[in-house]
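Please view the sequence and the model together while reading.

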Amino acid sequence: MIRLTVLVEDKNTRPNLECEHGLSFYVETPALNFIFDCGQTDIAWKNAAKLNIDLTKINFAAISHAHYDHAGGFPALIKIKKPAYIYTGKNFWYEKFSRSATGYDYKGAGFTFQDLAKWRIEQRVCNDLIQLDDSAWLIGNFQRRFNFETIPDKFVRGADKIPDNFEDEICLVLREGDGVAVVVACSHVGILNIVSTVQKKLDLPIKSVIGGVHLNNADSARIDKTLTTLENWGVKRFALCHCSGDDIRTNFSTGSVLEL
């Protein structure tokens, strides 16, 4: 059995847990225990303790992309358990910003490659596909097939503030019966671009889409087209949270557990 527990996300239905803008999953497969995303503070780890999850058992952490609400909690994690390595996408260390009326707001990970070296933690880069065990993969390098899945121009990166194409974004894929579940964090590159890439690389049916699909500011036409396309591809279950948007998010919040 594969089990996902939401350690933190934007909403919470359990009074003993805390929430914040961000996302973190605790993932259990038959062979591994690991973290996929870290939220923005230490709230995920406080919630883990309340949920009786022993973080000292984790084998590693994987971070979907270098935004603060997915990577910022990592330095707090290593005070509990320092993993030997973390998985990221390529070019993870570009500083990230969001353009605002007053300038550029820093939105980056909050730690650097130099910090990782100081902590003696190895970085393993997912350039395309990494198989973690018999039932889990990390996938990146998404093919941009759907032109309407645009990235808002407010997102920029690096000293020159160039448009951020989110080439650092990766997703987690988990075995689900004779198919797979795609676990996404923010889907900045577009959920259809992500799912179609997973289909092409694994040649397995996609049964579930879990996590954030970044349709919070999308119009109804894009939302309808996205969900209809996924359903036509055979997706049966949507467990949506974080940046998905209130119109389509499901009853999936901090403390929720999914079994695949």
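Does H214, at 19% relative accessibility, count as buried or exposed? H214 counts as buried, because its 19% relative accessibility falls under the 20% limit for that class. The model discussed here is predicted.

## Two residues with positive phi

H214 is placed in the loop between β15 (206-211) and α6 (220-232). Its phi is near 50°, a positive value in a residue other than glycine. Most residues other than glycine have a negative phi.

K161 also has a positive phi, of about 55°, although K161 is not a glycine. This residue belongs to the loop between β11 and β12 (162-163). With a relative accessible area of 23%, K161 is partly exposed.

## K161 and two aromatic rings

K161 can also be described by the rings beside it. It lies over the face of F97, at 4.4 Å from the ring centre. K161 likewise lies over the face of Y104, where the distance from the ring centre is 5.5 Å.

## Aromatic pairs

How many aromatic pairs does the structure hold? There are 16 aromatic pairs in the structure. One of them joins F60 and Y85: the ring centres are 5.7 Å apart and the planes meet at 20°, so this pair is stacked. F60 lies in strand β4 (residues 60-62) and Y85 in strand β5 (residues 85-89), so the pair ties together parts that are 25 residues apart in sequence. Both F60 and Y85 are buried.

A second example is the pair of F92 and F111, which is tilted, with 6.4 Å from centre to centre and 45° between the planes. This pair links distant parts of the chain, 19 residues apart. F92 is in the loop between β5 and β6 (96-100), while F111 is in the loop between β7 (103-106) and α4 (113-118). F92 is buried, with a relative accessible area of 2%, and F111 is buried with a value of 5%. Which residues do ring pairs link into a cluster with F92 and F111? The cluster joins F74, F92, W93, F111, F113 and W119.

H70 is part of helix α2 (residues 68-71). Its relative accessible area is 0%, and H70 is therefore buried, since the class covers values under 20%. The side chain of H70 makes a polar contact with the side chain of D37, at 2.7 Å.

Which residues are in contact with H70, leaving aside its neighbours within four places in sequence? The list consists of L23, D37, C38, G39, I63, S64, H65, A185, C186 and H242.

P152 is located in the loop between β10 (136-139) and β11 (155-157). At 36% relative accessibility, P152 counts as partly exposed, because this class lies between the 20% and 50% limits. The C-alpha atoms of P152 and N165 are separated by 9.9 Å, and the two residues are 13 residues apart along the chain.

Note on methods
Residues numbered from 1 in each chain as written. Predicted model: local features only at pLDDT ≥ 70, side-chain atom pairs only at ≥ 80, totals over all residues. Heavy atoms only, no water. Helix = DSSP H or I, 4+ residues; strand = E, 2+ residues; numbered from the N terminus. Buried < 20%, exposed > 50% of the residue type's maximum accessible area, 1.4 Å probe, protein only. Phe/Tyr/Trp six-rings, centres within 6.5 Å; stacked < 30°, edge-to-face > 60°. Lys NZ or Arg CZ within 6 Å of the ring centre and 35° of its normal. Polar contact = N/O pair within 3.5 Å; in protein donor to acceptor, adjacent residues only side chain to side chain. Contact = heavy atoms within 4.5 Å.
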